[in-house]
Amino acid sequence: LRKLEEVQRDRVRALMAPKTIVPEMAPEDRAAAMALLQDPRLFDRILSDFARAGVVGEEGNKLIAYLVAVSRKLDEPLAVIVQSSSAAGKSSLVEAVLAFMPEEDCLKYSAMTGQSLYYMTTRRLEHKILSIAEEEGASRASYALKLLLSERRLIMAAPTKDDSGVIQTKDYL
């Protein structure tokens, strides 16, 4: 009975969770996108877009960050940590790249607790860009981030109380 109640609670939570709406692409937009992807000057065009957005210099870093961001749609996406000395333009680079990505695909945080990633649903992170403003903001979640990158999943057992007050262990995937 307790197991059935737990399954029922999980189903209700899943139904109540916010749904991500993926916009449909018009056929002419899809054709234009395919033409862009097949353009031999694709990298030049991307860098030109950055220049028009006011981001100059660091051509290699802009391309790497952009490619990592678009890899979010792959089964095994890439990851990047942007490191540099203070006031070197790290935040500007990241913000510029994120500005080119659909807003619904970007999860931006100033900081994360050590447990926060465990409580996010797998779907919430799937094919998303996770951006944490500063290294200090990610330090408490560094172990979970490392596991998420290397194993592509997180599993944590945590004590919870059921409706009758009995403590049980629940796995968070």
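Residues are numbered from 1 along each chain as its sequence is written, and side-chain values use heavy atoms, with hydrogens and water left out. Because the model is predicted, local features need pLDDT of at least 70 and side-chain atom pairs count only at pLDDT 80 or more, whereas totals for chains, interfaces and linings use all residues.

**View 1. Packing of helix α3 against helix α4.** Helix α3 (residues 42-52) packs with helix α4 (residues 59-70) at an angle of about 105°, and their axes lie 10 Å apart; helices here are DSSP runs of H or I with at least four residues, strands are runs of E with at least two, and both are numbered from the N terminus. The two helices are therefore roughly perpendicular to each other (65 to 115 degrees). On α3 the contact (heavy atoms within 4.5 Å) is made by Phe43, Ile46, Leu47 and Phe50, and on α4 by Glu59, Lys62, Leu63, Tyr66 and Leu67. By class, seven of these residues are nonpolar, none is polar and two are charged.

**View 2. Glutamate 58 in the loop between α3 and α4.** Glutamate 58, a residue other than glycine, has a positive phi, near 55°. The residue is exposed, with a relative accessible area of 51% (exposed means over 50%, buried under 20% and partly exposed in between, with a 1.4 Å probe and protein chains only).

**View 3. Histidine 127 in the loop between α7 (122-125) and β2 (129-132).** Phi of histidine 127 is likewise positive, near 60°, in a residue other than glycine. Histidine 127 is partly exposed, with a relative accessible area of 28%.

Note on methods: Axes are lines fitted to C-alpha atoms, for helices over the stretch in contact, and angles run from 0 to 180 degrees between N-to-C directions. Angles under 35 degrees count as roughly parallel, over 145 as roughly antiparallel, 65 to 115 as roughly perpendicular and the rest as oblique. Ala, Val, Leu, Ile, Met, Phe, Trp, Tyr, Cys and Pro count as nonpolar, Asp, Glu, Lys and Arg as charged, and the others, Gly among them, as polar.
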